[in-house]
Amino acid sequence: MDTKDLLKKVRKIEIKTRRLSDHIFGGEYHSTFKGRGMTFSEVRQYHFGDDVRNIDWNVTARYNEPFVKVFEEERELTMMLMVDVSGSELFGTDQQFKNEVVTEIAATLAFSATQNNDKIGLILFSDKVELYIPPKKGRSHVLRIIRELIEFEPESKQTNLAEALKFMQNVMKKKAIVFVLSDFIADDYNHTMKIVAGKHDVTGIRIYDKREEEIPNLGVVQMQDEETGEYMLVNTSSKKVRLNYAKYYQEKVNYYKESFNKAGAGTIDCRVDESYVKKMLGYFKRRG
């Protein structure tokens, strides 16, 4: 993609997702993800009804009248976007590929965080961490994240979510809001998820295409595994083949939901042909 096309695409995504974050997600994001606690702001004269536990005795003694400490919410947070860039993210049969929907959701979340003056970081992962952008504030930083989401080409097509979670745990020393965007066709990450969700506020956003849930009856067809690159002939007219595939797919989905729920993390399911706006708003409202 040449620079002109890339900038055009970035601008298009910015316009769409900024509108969403300005009008819809901004307030919901703020009320869902509170700050780290209360921080001392100033001292003022005592008013009737103030909590006596907040009296500043040093200042009170100095001026011979009661003064209280005023606290305010310590708002600044860090959002970490963890995005799966493995081969299966290129799948799509409707108007959009999964990775296009991922880019839009990530951009909307990033602009919502920017509205609250929070920092945003990015981890792109396959079976290893492909790219890490440390958390920073501001529009130009968000645009860089969108640019990477559009044009980044991973070295590997496979997935290892546990590795990515370990990396995130190592680089994020303070509690962060973490969104993991993937189709979660992955294994062996429940233990790591438990550790990470014990420290951070984690939400999994599963992006999937309805055609992935089951194989249609198309006779004998050649298929390619997007992650291994392997080609194979599959007899899709066999009911057993179709049932085995549907069972395999459902097991992955159940594993994802179980792993996140047991760890105390949140989950959102977004089908590419449905509105992710409704799904995410519903999630924020439930949590707010």
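How many of the eight residues of strand 7 are buried? Eight of the eight are, so strand 7 is largely enclosed by the rest of the structure; buried means under 20% relative accessible area, exposed over 50%, and partly exposed in between (1.4 Å probe, protein chains only).

## Basis

This is a predicted model, in which local features need pLDDT of at least 70 and side-chain atom pairs count only at pLDDT 80 or more, while totals for chains, interfaces and linings use all residues. Residues are numbered from 1 along each chain as its sequence is written, and side-chain values use heavy atoms, with hydrogens and water left out.

## The chain overall

The protein chain has eight helices and 10 strands; helices (H or I, at least four residues) and strands (E, at least two) are DSSP runs, numbered from the N terminus. Of its 288 residues, 45% count as buried.

Strand 7 is covered on both faces. Asp201, Thr203, Ile205 and Ile207 are buried on one side, and Val202, Gly204, Arg206 and Tyr208 on the other.

Strand 6 (residues 177-182) pairs with strand 7 in the parallel sense over six bridges; two strands pair if DSSP finds at least two bridges between them. Leu181 stands opposite Ile205 in strand 7. From strand 6 the chain crosses through helix 6 to strand 7, and this β-α-β crossover is right-handed, meaning that, with the strands pointing away from the viewer, the path from the first strand over the helix to the second runs clockwise. Strand 7 also pairs with strand 10 in the parallel sense, over six bridges. Tyr208 has Arg271 of strand 10 as its bridge partner.

## Helix 6

Thr192, Met193, Val196 and Ala197 are buried in helix 6 (residues 190-199). They lie on the same side of helix 6 because they cover an arc of only 125° around the axis, taken from the directions from the helix axis to the C-beta atoms. An α-helix has 3.6 residues a turn, so residues three or four places apart point the same way.

On the other side of helix 6, His191 and Gly198 are exposed. The buried residues of helix 6 pack against helix 5 (161-171), strand 7 (201-208) and helix 7 (239-263).

## Asp269

Asp269 lies in strand 10 (residues 266-271) and is buried, with a relative accessible area of 17%. Leaving aside neighbours within four places in sequence, Asp269 is in contact (heavy atoms within 4.5 Å) with Arg206, Tyr208, Tyr256, Lys257 and Lys279.

The side chains of Asp269 and Arg206 are joined by a polar contact of 3.3 Å. A polar contact is a pair of N or O atoms within 3.5 Å; within protein, one must be able to donate a hydrogen and the other to accept it, and residues adjacent in sequence count only if both atoms are side-chain atoms.
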